[in-house]
Amino acid sequence: AELPQIEEWFEFVGEKLPTEAEFVAGTPYSLGTVQRAIRTLVEEGLVERKPKLGTFVSRRRRKIDSPWHFRFLDADRRTILPVYPTVVARVSNRQRGPWNDFLAGDLLRIDRLVNVNDEFNAFSRFFIDATRFPVFAQVAVDTLDGENFRALLNTQLAEPIDRICHRIAFSRPAPGVAKQIGVPADRPCTVVEIAAAARNGDFLYYQELTVPVSDRRLELADPTSVHHPL
């Protein structure tokens with residue numbers, strides 16, 4: 001049996017759920033049914049158990065639809081694994097870096113932790129001119145979780161993204177990224193630099209994707225677009 005009322009007991013991220021005994025007392029369901037329902041919510045990432053503290057509401061994760069850059073392949077080398085990006089920071093970026101090879105001026109940086117099929121985490125740093133594309137700065141941060149930034153950007157453009165450029169390095173993660181993806185700071189990772197341009201050659205965004213060593217392949221080429229090397 002299901003426990004459909006369980007989500008009516010909580011509304012806010014971080015809120016503590018009643019105990020299993022309290023659920024049983026307040027609903028017509030048995031202890032076994034309550035335990036199975038909560039276990040399902042844990043597996044789906046909707047709630048998390050904290051030893052000695054209880055069960056708490058997690059930030060609801062969203063799977064990205066039709067990923068363009070987060071294309072991790074299953075063992076059959078064809079199936080795209082589900083990925084769940086979560087925004088962990090949205091900040092003004094005045095530092096210089098490889099993104100300045102493509103973009104100028106003060107930029108907005110959006111950091112995302114990318115859960116890959118519940119197997120490992122990658123990390124994305126996305127740079128864009130928010131003056132030109134204000135939607136990235138104006139919408140609530142949590143609405144960007146699981147958002148396909150390319151699709152969001154296309155809604156702002158008269159013409160779609162036409163060209164993707166890649167640069168790949170095997171190097172240490174940027175400061176702070178190693179902790180986010182759970183690897184030692186001195187452990188090399190695959191770092192993919194991505195720049196997207198419109199048909200007129202105007203670059204629109206820059207993205208840096210840090211991927212720890214794993215058995216999963218990352219497909220860089222999207223068959224729906226034309227890719228050119230830098």
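Helices and strands are here DSSP runs, numbered from the N terminus. In these terms, N117 belongs to the loop between strand 5 (107-116) and strand 6. The structure is a predicted model, and the values below were computed from it.

The phi of N117 is positive, near 55°. K52 is placed in the loop between strand 1 (47-50) and strand 2 (54-57). With a relative accessibility of 89%, K52 is classed as exposed, the limit for this class being over 50%.

A search of the whole structure gave 1 cavity of 30 Å³ or more. The space in the largest cavity comes to about 80 Å³. Helix 4 (149-154) and strand 9 are the elements that contribute two or more residues to the lining of this largest cavity. The lining is made up of I64, P67, W68, H69, F70, R112, F126, N148, F149, R150, Y205 and Q207. By class, these lining residues comprise 7 nonpolar, 3 polar and 2 charged.

Aromatic pairs number 10 in the structure. One of them joins F126 and F149 in an edge-to-face arrangement, with 4.8 Å centre to centre and 70° between the planes. F126 is part of strand 6 (residues 120-128) and F149 is part of helix 4, so this pair ties together parts that lie 23 residues apart in sequence. F126 has a relative accessibility of 0% and therefore counts as buried. F149 is likewise classed as buried, because its relative accessibility is 3%; the limit for this class is under 20%. Both F126 and F149 are among the residues that line the largest cavity.

F149 also takes part in a contact between a charge and a ring. The charged end of R112 sits over the ring of F149, at 3.6 Å from the ring centre. R112, too, is listed in the lining of the largest cavity. A further arrangement of this kind involves K50, whose charged end sits over the ring of F56, 4.8 Å from its centre. Elsewhere, ring pairs connect W99, F102, F127, F203 and Y206 in a cluster.

Strand 9 (residues 203-211) includes T210. T210 is buried, as its relative accessible area is 1%. Apart from neighbours within four places in sequence, the contacts of T210 are with A122, F123, P173, V177, I181, C189, T190 and V191.

A residue of strand 7 (residues 161-171) is I164. The relative accessible area of I164 is 1%, and I164 is therefore buried. I164 and A196 are 32 residues apart along the chain, and their C-alpha atoms are separated by 4.6 Å.

Notes
Residues numbered from 1 in each chain as written. Predicted model: local features only at pLDDT ≥ 70, side-chain atom pairs only at ≥ 80, totals over all residues. Heavy atoms only, no water. Helix = DSSP H or I, 4+ residues; strand = E, 2+ residues; numbered from the N terminus. Buried < 20%, exposed > 50% of the residue type's maximum accessible area, 1.4 Å probe, protein only. Contact = heavy atoms within 4.5 Å. 1 Å grid on protein atoms, 1.4 Å probe; cavity = no way out; pocket = protein on both sides within 12 Å on 5 of 7 lines; lining within 4 Å. Points joined across faces, edges and corners; volume = space filled by probe spheres on them. Nonpolar A, V, L, I, M, F, W, Y, C, P; charged D, E, K, R; others polar. Phe/Tyr/Trp six-rings, centres within 6.5 Å; stacked < 30°, edge-to-face > 60°. Lys NZ or Arg CZ within 6 Å of the ring centre and 35° of its normal.
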